[in-house]
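I opened my notebook beside the viewer and started looking things up.

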Amino acid sequence: MNPDLSLTVLPDFPLVEPGDDLADLIIACCERAGLKLRDGDVLALAQKIVSKSEDRYAYLNEVTPGNAAVQLAAETDKDPRQVELILQESKEVVRQRKGAIIVEHREGYVHANAGIDASNIASEPDNPRVLLLPLDSNVSARRLREAISQRLGVDVYVLINDSAGRAWRNGTCGFALGSAGFEALVNRIGDADLFGRSLEVTQIAVADELAAAASFLMGQADEGAPVVLVRGATLRPSAAGCETLIRSKSEDLFR
């Protein structure tokens, strides 16, 4: 149980540029706000600041779309250059319609446009750019966790989140892209419910639940709140990342 779970936005977090050290920025922001990180805290980061720090920008004027991208762009009414990037970042196209391309990202996540977009990034009209997801979100989370541990001597958990639409429901919701230090998926099969009945299929997507809670505070527009400190979560330590959340294609009834 998490009877005293709290979520706090790190205030006045600066705009992130390529090459910025996120650990330094987080530590400095905590110091300004009078927040002291503790063992067991979770730092939830918006994917965009991770991608920005890793310089995952792509300039559309530098992209040459191939035949597959040109054809798919015509079918979906999208910029062929952005479609080329989507295909480069994806394993396969799962679904498509006008205005939407649903893909399996190379990291395994199924969502729209391989997570590529232009929101909340500076861009020039004559040289537009978009932002791609991190090369490996779990690795990015582990590096940040290790950096904070080395500099502060505290054992924090790290969560990188994004937002995506969901099957059967309108609207976007936060979900976990990468994590470090805790079990992203907790298996409760065999545990008893309130009446002693053994649970048969229950697995809890802990990382996704924390990601959604943090995303609610981060917002989707001009809130400028890309880092949330989660305190009081009861988590199980693990060396695995968010790959445990990805359902294999053979078990996916909708592909």
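I began with S4 and S5, which run antiparallel and are joined by six bridges. This is a predicted model, so I kept that in mind throughout.

Entry on one pair: I looked up which residue of S5 partners arginine 95, and found isoleucine 102.

Entry on the hairpin: S4 and S5 have two residues between them, and glycine 99 in this hairpin has a positive phi near 85 degrees.

Next I followed S5 (residues 100–105) to its other neighbour. Three bridges tie S5 to S6, and this pair also runs antiparallel. I noted that glutamate 104 sits opposite valine 110 of S6.

Then I stepped back to the sheet. It is open, has three strands in the order S4-S5-S6, and is paired antiparallel. S4 (90–97) and S6 (110–112) are its edge strands, each pairing on one side only. On average, neighbouring strands are turned by 30 degrees against each other, with direction ignored.

What packs on this sheet? I found H3 there, touching S4 and S5, with its direction at about 30 degrees to that of S4. H4 packs on the sheet as well and touches S4 and S5, but its direction makes about 130 degrees with that of S4.

My next entry was on the two helices themselves. H3 (residues 67–76) and H4 (residues 80–88) pack at about 115 degrees, and their axes are 8 Å apart. The crossing of H3 past H4 is right-handed. From H3, I listed Ala68, Ala69, Val70, Leu72 and Ala73; they meet Pro80, Val83, Glu84 and Leu87 of H4. By type, the residues of this contact are eight nonpolar, one charged and no polar.

Last, I checked for positive phi in residues other than glycine. Aspartate 55 has one, near 55 degrees. I placed aspartate 55 in the loop between H2 (47–53) and S3 (57–59).

I found alanine 114 in the loop between S6 and S7 (129–131). Is alanine 114 buried or exposed? I logged alanine 114 as buried, because its relative accessible area is 0%, and the cut-off for buried is under 20%.

Definitions and conventions: Residues are numbered from 1 along each chain as its sequence is written. This is a predicted model: local features need pLDDT of at least 70, side-chain atom pairs count only at pLDDT 80 or more; totals for chains, interfaces and linings use all residues. Side-chain values use heavy atoms; hydrogens and water are left out. Axes are lines fitted to C-alpha atoms, for helices over the stretch in contact, and angles run from 0 to 180 degrees between N-to-C directions. Helices (H or I, at least four residues) and strands (E, at least two) are DSSP runs, numbered from the N terminus. A crossing is left-handed if the near helix is turned anticlockwise from the far one by less than a right angle, and right-handed if clockwise. Contact means heavy atoms within 4.5 Å. Ala, Val, Leu, Ile, Met, Phe, Trp, Tyr, Cys and Pro count as nonpolar, Asp, Glu, Lys and Arg as charged, and the others, Gly among them, as polar. Two strands pair if DSSP finds at least two bridges between them. Buried means under 20% relative accessible area, exposed over 50%, partly exposed in between (1.4 Å probe, protein chains only).
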